[in-house]
Amino acid sequence: MSIRLDGVGLTHPGGFRALEKLDLTIAAGERVAIIGPSGAGKTTLLRLLGTGLNPSAGRLSLLDNDPTQLRGRTLRTLRTRIGLIHQSPPLPPRQRVVTAVLAGRLGQWSLPRALASLCYPLDAEGARAALEPLDLADKLYARCDQLSGGQLQRVGIARVLYQGADLLLADEPVSAMDPVLADHTLALLNRIADERGITLVASLHAVDLALRHFPRVIGLRDGKILFDCAASDVTDNDLNGLYANDSLLGAASESAPTIAALQENLIRTAPRCF
Amino acid sequence: MLLTSSAQSHRDPAALPRLLITVLAIALLWPGLVITEFAPAALVDPRNLDVFSHFLAGFWPPNTSPEFLAMLGKATLETLAMATAGLALALLLAIPLSLLASRALSVSALLTGRPSRWASAARYPVRLLLILLRSIPEIVWALLFVRAVGLGPTAGVLAITITYSGMLGKVYAEIYESVDQRPARALMQAGSSRLAAFFYGVVPAAAQELMSYTIYRWECAVRASVIMGFVGAGGLGQMIDLSIRMFAGGEVVSILLTFLVLVLLADQLSTLLRRRLA
């Protein structure tokens, strides 16, 4: 069992309830897309799965561990098994691709080894092997600021492949790409996850991409799961319910206060300028 | 204050705070000029100019006799060695302290976005230590150490080590916090240790600024070692002190020109390394 949520809820310090009593099970090797409108809690859910947030209620099990019970080294060991693909890959612009990819295994490496590899890449072949399926092997010694956005995103993917994670989490991995590249990248990600038996959970804005590439789709709205089924079973009715915008239609509904709370939260946290 | 409601809606909401801060800054700076009796008119007063030009006339031409230049070379080397050794020792102290003091590598911030209260409380003593190290001017340390270890550059090296470790540690910690935090956070989120995340996530982005500041501090250390020479810590400072006492203006100018060359070299080195790291 890769992921298990029992009644997991998350309330932000501001009082905003991002997730409410989620029950969810994702088996090892499954590939799941999470879709839903902005503010539905997709990013929060992924941060929760990536040990970037702790649930405020319920039980969370990741790769047969409860991350809230782990401290120090054991938590780090769990984190080395979870790979995160970010919306825009967090790579220092001046870093070389080979170093950026090798950084995926910093959790497994000792500090002397990490420092030695910074001076001379110790496993350039491993990095090349991770870049090969992404058509980037020729960029091994290029600098990250010489790459395009799509190439950088693929370097980020190569890094988690090199990390050897058992669970891949992708938060809007293709939102910065053109449609063709987005399609290609998602197909690639799914193929690699399928080949290696890696569990893949991705949040997506584009419904068509989710339905086309992922066997299982979860619809999230206002922190609740609206539907959770095979991609082929998702109906137009499901999607209409997911994206219907009550506040824009002017209809009074129970979700209106949540949006108000969100806006209030935004105003409170917005930076003040002098 | 606000004229009408329509004027209010068109006004930049930041205008009033900016105006208040400007007024406050002037109100704070003006007394400073009054207290220091700042009167630039005295500079161009003919009598003062006369005294000044007589004083300066004694400085030319620079002394270029071979014996003096040999002495000057030796003193320059001593000053450079004092500054470099002091800065190197200061780095040994400053780097670990800056890592401890910086919020950039907070593990608790991974979960909540900001460091936990306990972690901030643990960082505070380190910040306090850095303040303590840099709050006492190096010349006071030099006076102290001259009594402890005797006349000579050792006292200067120790004084530079102590003060500069405080300055470097503070600024390094702030540089780590000023660069993009996402690379280091992503690495720690993937199980990397803090130090490894520092070298892979923070250093690449901060290297240029760290290098530039360190070289600037080295330049300052050269000047500081000169000042400490006045209290007997050796090098160019001791030499300039003697020359001034003996009214040997030519020697003073030669020494000042040497400073100029040293600072020029430091600046060139900084430019070169910055370009290399860009």
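This briefing covers the helix packing, the chain contact and the sheets of the structure above. The model is predicted. Helix 10 of chain B has a kink of about 65° at B:V203. Chain A holds an open sheet of 6 strands and an open sheet of 3 strands.

- Helix 10 of chain B runs over residues 194–229.
- A straight helix of 36 residues would span 52 Å at 1.5 Å a residue.
- Helix 10 of chain B spans only 42 Å between its end C-alpha atoms.
- The kink of about 65° lies at B:V203, shortly before the proline B:P204.

**Helix 10 against helix 12 in chain B**

- Helix 12 of chain B covers residues 249–277.
- The axes of helix 10 and helix 12 of chain B come within 9 Å and cross at roughly 170°.
- That angle is over 145 degrees, so helix 10 of chain B is roughly antiparallel to helix 12 of chain B.
- Helix 10 of chain B brings B:A207, B:Q208, B:M211, B:S212, B:I215, B:Y216, B:W218, B:E219 and B:V222 to this contact.
- Helix 12 of chain B brings B:L262, B:V263, B:A266, B:L269, B:S270, B:L273, B:R274 and B:L277.
- By class, the contact of helix 10 with helix 12 of chain B has 12 nonpolar, 3 polar and 2 charged residues.
- An α-helix has 3.6 residues a turn, so residues three or four places apart point the same way.

**Where chain B meets chain A**

- In the contact between the chains, 23 residues of chain B touch 27 residues of chain A.
- Four elements of chain B give two or more residues each to the side that touches chain A: helix 2 (15–35), helix 5 (108–112), helix 9 (182–189) and helix 10.
- The side of chain B that touches chain A has 16 nonpolar, 5 polar and 2 charged residues.

**Helix 4 of chain A against helix 10 of chain B**

- Helix 4 of chain A covers residues 111–119.
- The axes of helix 4 of chain A and helix 10 of chain B come within 10 Å and cross at roughly 10°.
- The angle is under 35 degrees, and the two helices are therefore roughly parallel to each other.
- A:L111, A:A114, A:L115 and A:L118 make the contact from helix 4 of chain A.
- B:L195, B:A196 and B:F199 make it from helix 10 of chain B.
- The residues of this contact are 7 nonpolar, no polar and no charged.

**The 6-strand sheet of chain A**

- The strand order is 5-6-7-3-8-9, and the pairing is mixed.
- Strand 5 (82–85) and strand 9 (224–230) of chain A stand at the edges, each with a single partner strand, so one side of each has no neighbour in the sheet.
- The twist averages 15° from one strand to the next.
- Strand 8 (residues 216–221) and strand 9 of chain A run antiparallel and are joined by 6 bridges.
- A:V217 has A:C229 in strand 9 of chain A as its bridge partner.

**The 3-strand sheet of chain A**

- The order is 2-1-4, with antiparallel pairing.
- Strand 2 and strand 4 of chain A are the edge strands, each with a single partner strand, so one side of each is left without a neighbour in the sheet.
- Neighbouring strands of this sheet are turned by 20° against each other on average, direction ignored.
- Strand 1 (residues 3–11) pairs antiparallel with strand 2 (residues 17–26) of chain A over 6 bridges.
- A:V8 stands opposite A:L22 in strand 2 of chain A.
- The hairpin of strand 1 and strand 2 of chain A has 5 residues between the strands, and A:G15 takes a positive phi near 100° there.
- Strand 1 of chain A also runs antiparallel to strand 4 (residues 57–62) of chain A, joined by 5 bridges.
- A:R4 stands opposite A:S61 in strand 4 of chain A.

Definitions and conventions:
Residues numbered from 1 in each chain as written. Chains lettered and ligands numbered in written order. Predicted model: local features only at pLDDT ≥ 70, side-chain atom pairs only at ≥ 80, totals over all residues. Expected span 1.5 Å × (residues − 1). Bend = angle between axes of the 7 residues up to and from the residue. Axes fitted to C-alpha atoms, helices over the stretch in contact; angles between N-to-C directions. Parallel < 35°, antiparallel > 145°, perpendicular 65-115°, else oblique. Contact = placed C-beta atoms within 7 Å. Nonpolar A, V, L, I, M, F, W, Y, C, P; charged D, E, K, R; others polar. Pairing = 2+ DSSP bridges.
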